[in-house]
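Colleague: I would like to go through a structure feature by feature. Please give the general idea each time, and then the case at hand.

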Amino acid sequence: MFSKMKKSSNSPSIVSKVTLWYTLFVSFLFILMFGASLIISGTWSSYSARGELEQKTMEMAADLEEFESFDDGNYFALYNQNRELEQGALPSGFDANTGFESGKLSTYTSSRATYYYFDVYNESEGKWVRGVRLASGLGRELSIFLLSLAIIAPLSILGMAWGGRRILRKAFLPIREVTQMAEEITESGDYSKRVSTEHQKDYVETSRLTKVFNNLISSVQSTFEKEKQFNQNVSHELRTPLSVIVSESEFGSKYADNLEESKESLTVIHRQAKLMKSMTEQILEISKAQHLQWSDLKPICLSTLVANYCQGQERKWAESPIAFEVSIQPDLWIQGDAVLVTRMLDNLLSNAVKFTKTKVTIRLEASPAGAVLKVADDGIGIAPDHLSKIWDRFYQVEDSRNKGLNSGIGLGLSFIKDIADLHQAEVKVISEEGRGSLFRVTFPQIKDKTTV
């Protein structure tokens, strides 16, 4: 699936998109910075030029012997008392006969440009000194600086884009590895593969992504292996009764000489059919438990449910050599499915009856942890190395726990665990070889049937 998506997708990568956005953003900042610098520089240059023009014009008027026609972008002209130009230079676009006003900075605009001009009258010499310069334009240093900035900025943007792309590619390397590993797992079906953890110390996000992905694959692998084993076990368990049914039916149809032999074959067939029916029902019930959600459960009185179940078993228990001891604390409510909880209790008791010697105890009581259901027997117990495996489907202890009369199909305890998980209940077993087993299920308790 991933490989097909890879081949058919023409969308750009995240690295390319982020690099493009980053480059455009930096370019915008540079343009904004250049424009702001140009405006600020122009404003400052204009202010500085006006001040410089005033100062130099006053200095020139104070000492006419040092008169110069041009100085650092400023033009100077000397007029007589009648305001006739005697010497100096003026910009070609400036009108030499523009009116005079001593000590005032004025602006003159022609078809070519705009100029600042400043007039100073020297009374002792009877001379006018006029200073003129362009109103627009930057100083030489500022012009060189802005020109350098305009040249360097694009190169800087390209350098940052190149460096940013390399950094992003490195940062996204674990993501590419996760993608590649997902493609490899999909194509090969090998769920034992994992993403390398060598980049876990680089970034917190990629470290978490790698860890979560590997845990997800581990979970998928575990589920896949369990389902594979479950299918194999179901096939194996069903094959045995089916083989018996086929052989017995073949024997009955071909070799049975009388009614007794036919009845014997039919008895065997009936027993194996019941075994298959029981297995199928349990598998369907397990499937139901796995598809229900906590939100599907309703408030039920566990005390009433356990009491009604035990009351329904009294006649059967009375005929049994096993003693049954029942203790039920009233008015204990849980959120659950009555059918599944009843099935759980039935499986617990069936298991206890199979392996007990003299007595089975059923207790329901409240505890700080919740409503606790206990079913105990005084049988031969379970070996420590089997305790962690008894919840696996089709697992049966291969010892003296009576593989003859008391053998089952290995789904009862697995079903109990599934029901407990659905009800957010904790199920534990305490067992000692030769002294029996205690199964304890702790349900989250609610106050009453109105509790949601």
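This is a predicted model: local features need pLDDT of at least 70, side-chain atom pairs count only at pLDDT 80 or more; totals for chains, interfaces and linings use all residues.

Colleague: How many helices and strands does the protein chain have?

Modeller: The protein chain has 10 helices and 14 strands. Of its 452 residues, 37% are buried. Among contacts between residues at least 6 apart in sequence, 63% join residues at least 24 apart.

Colleague: How should I read a pair of packed helices?

Modeller: Two values describe two packed helices: the angle between their axes and the distance between the axes. Here, helix H7 (residues 302-318) packs with helix H8 (residues 338-355) at about 45 degrees, and the axes are 11 Å apart.

Colleague: What orientation do H7 and H8 have to each other, and what is the handedness of their crossing?

Modeller: Angles from 65 to 115 degrees count as roughly perpendicular and those under 35 as roughly parallel. The angle of H7 and H8 is about 45 degrees, so the two helices are oblique to each other. The crossing of H7 and H8 is right-handed.

Colleague: Which residues meet where H7 and H8 pack?

Modeller: From H7 the residues are Leu302, Leu305, Val306, Tyr309 and Trp317. In H8 they meet Ala338, Val341, Thr342, Leu345, Asp346 and Leu349.

Colleague: Now a loop residue. Is Asn80 buried or exposed?

Modeller: The cut-off for buried is under 20% relative accessible area. Asn80 has 13% relative accessibility, so Asn80 counts as buried. Its place is the loop between strand E2 (74-79) and strand E3 (85-88).

Colleague: What does Asn80 touch, not counting residues up to four places away in sequence?

Modeller: With those residues left out, Asn80 touches Glu86, Gly126, Lys127 and Trp128. There is also a polar pair: a polar atom of the Asn80 side chain lies 2.8 Å from the backbone nitrogen of Glu84.

Colleague: How do I read a salt bridge, and how many are there?

Modeller: Look for a side-chain nitrogen of Lys or Arg within 4 Å of a carboxyl oxygen of Asp or Glu. By this rule there are 12 salt bridges. One of them joins the side chains of Lys56 and Glu52, at 3.2 Å from N to O. These two residues are four apart in helix H2 (residues 14-62), so about one helical turn separates Lys56 and Glu52. Lys56 counts as buried, with 19% relative accessibility.

Colleague: Which residues do salt bridges with shared partners join into one network?

Modeller: That network consists of Glu52, Lys56, Asp71 and Arg133.

Notes:
Residues are numbered from 1 along each chain as its sequence is written. Side-chain values use heavy atoms; hydrogens and water are left out. Buried means under 20% relative accessible area, exposed over 50%, partly exposed in between (1.4 Å probe, protein chains only). A polar contact is a pair of N or O atoms within 3.5 Å; within protein, one must be able to donate a hydrogen and the other to accept it, and residues adjacent in sequence count only if both atoms are side-chain atoms. Contact means heavy atoms within 4.5 Å. Axes are lines fitted to C-alpha atoms, for helices over the stretch in contact, and angles run from 0 to 180 degrees between N-to-C directions. Angles under 35 degrees count as roughly parallel, over 145 as roughly antiparallel, 65 to 115 as roughly perpendicular and the rest as oblique. A crossing is left-handed if the near helix is turned anticlockwise from the far one by less than a right angle, and right-handed if clockwise.
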